[in-house]
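Here is a short briefing on one protein chain. Keep the sequence and the 3D view open as you read.

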Amino acid sequence: MSVRVRRIYDPPEPDDGLRVLVDRLWPRGVSKEEAQLDEWPKALTPSTELRRWYHHGGSFDEFRRRYEQELTAPEAAAALDGLRKSVKEGPVTLLTATKHTESSQAEVLLELLRQH
């Protein structure tokens, strides 16, 4: 199983495999052509409310807890299951615009995908 997190601003690499944007908002300054996305499952992204709460000083531990709860909603859970299947089929790269990928939804997803 090969899954990793990269910034969407980094150029695509041949070993990226399936390129999945995990941000709710489209990243500034990146064209759809440059992004070379395969998927943008918005059901997997944190809600607008959670995203705003986190960006206004919320802790990562609490963000993780709330985000994992959001991922139990039917549409999000189905999207996560689909991503798990993709990971079993080949490499997957989770893409995010955040500068601190280790404290982002991409990291939470990465850990969840590696657990199964």
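A helix here is a DSSP run of H or I with at least four residues, and helices are numbered from the N terminus. Glutamate 70 is found in one such run, helix H3. The model is predicted. The secondary structure of the chain comes to five helices and three strands.

**Overall build**

- From the N terminus on, the order of elements is β-β-α-α-α-α-β-α.
- The chain has 116 residues and a radius of gyration of 13 Å, which agrees with the value near 13 Å for a compact globule of that length.
- The C-alpha trace spans about 35 × 35 × 20 Å along its principal axes.
- Of the 116 residues, 41% count as buried.
- Take the contacts between residues at least 6 apart in sequence: 60% of them join residues at least 24 apart.

**Strand S3 and its partners**

- Which strands pair with S3? Strand S1, residues 3-7, is joined to S3 by five bridges. Strand S2, residues 18-21, pairs with S3 over four bridges.
- S1 and S3 run parallel. S2 and S3 also pair in the parallel sense.
- Valine 5 stands opposite leucine 94 in S3. Leucine 18 has valine 92 in S3 as its bridge partner.
- S3 covers residues 92-96, and five of its five residues are buried.
- In a regular strand, side chains alternate between the two faces of the sheet.
- Both faces of S3 are covered. Val92, Leu94 and Thr96 are buried on one side, and Thr93 and Leu95 are buried on the other.

**The largest pocket**

- The largest pocket has a volume of about 510 Å³.
- It is lined by 19 residues, and the closest to its centre are Asp23, Arg51, His55, Ala97 and Thr98.
- Which helix gives the most to this lining? Helix H2, residues 48-55, does, with three residues.
- By class, the lining has eight nonpolar, seven polar and four charged residues.

- Threonine 101 sits in the loop between S3 and helix H5, residues 105-115.
- Is threonine 101 buried or exposed? Its relative accessible area is 18%, so it counts as buried. The cut-off for buried is under 20%.
- Leaving out residues up to four places away in sequence, threonine 101 touches Val5, Arg7, Thr96 and Glu107.
- Glutamate 111 lies in helix H5. Its relative accessible area is 31%, so it is partly exposed.
- Glutamate 111 and arginine 4 are 107 residues apart in sequence. In space, their C-alpha atoms are 9.8 Å apart.

**The loop between H1 and H2**

- Glutamine 36 is found in the loop between helix H1, residues 32-35, and H2.
- Phi of glutamine 36 is near 50 degrees, a positive value in a residue other than glycine.
- Glutamine 36 has a relative accessible area of 46%, which makes it partly exposed.
- Lysine 42 is also in the loop between H1 and H2. At 40% relative accessibility, lysine 42 counts as partly exposed.
- Lysine 42 and leucine 94 are 52 residues apart along the chain, and 13 Å separates their C-alpha atoms.

**Helix H3: two glutamates**

- Glutamate 62 has its place in helix H3, residues 60-70.
- Glutamate 62 is partly exposed, at 22% relative accessibility.
- What does glutamate 70 touch, not counting residues up to four places away in sequence? The list is Thr45, Pro46, Ser47, Leu50 and Ala76.
- Glutamate 70 and leucine 44 are 26 residues apart along the chain, and their C-alpha atoms are separated by 8.7 Å.

How values were computed: Residues numbered from 1 in each chain as written. Predicted model: local features only at pLDDT ≥ 70, side-chain atom pairs only at ≥ 80, totals over all residues. Heavy atoms only, no water. Buried < 20%, exposed > 50% of the residue type's maximum accessible area, 1.4 Å probe, protein only. Pairing = 2+ DSSP bridges. 1 Å grid on protein atoms, 1.4 Å probe; cavity = no way out; pocket = protein on both sides within 12 Å on 5 of 7 lines; lining within 4 Å. Points joined across faces, edges and corners; volume = space filled by probe spheres on them. Nonpolar A, V, L, I, M, F, W, Y, C, P; charged D, E, K, R; others polar. Rg over C-alpha atoms; globule rule 2.2 N^0.38 Å. Contact = heavy atoms within 4.5 Å.
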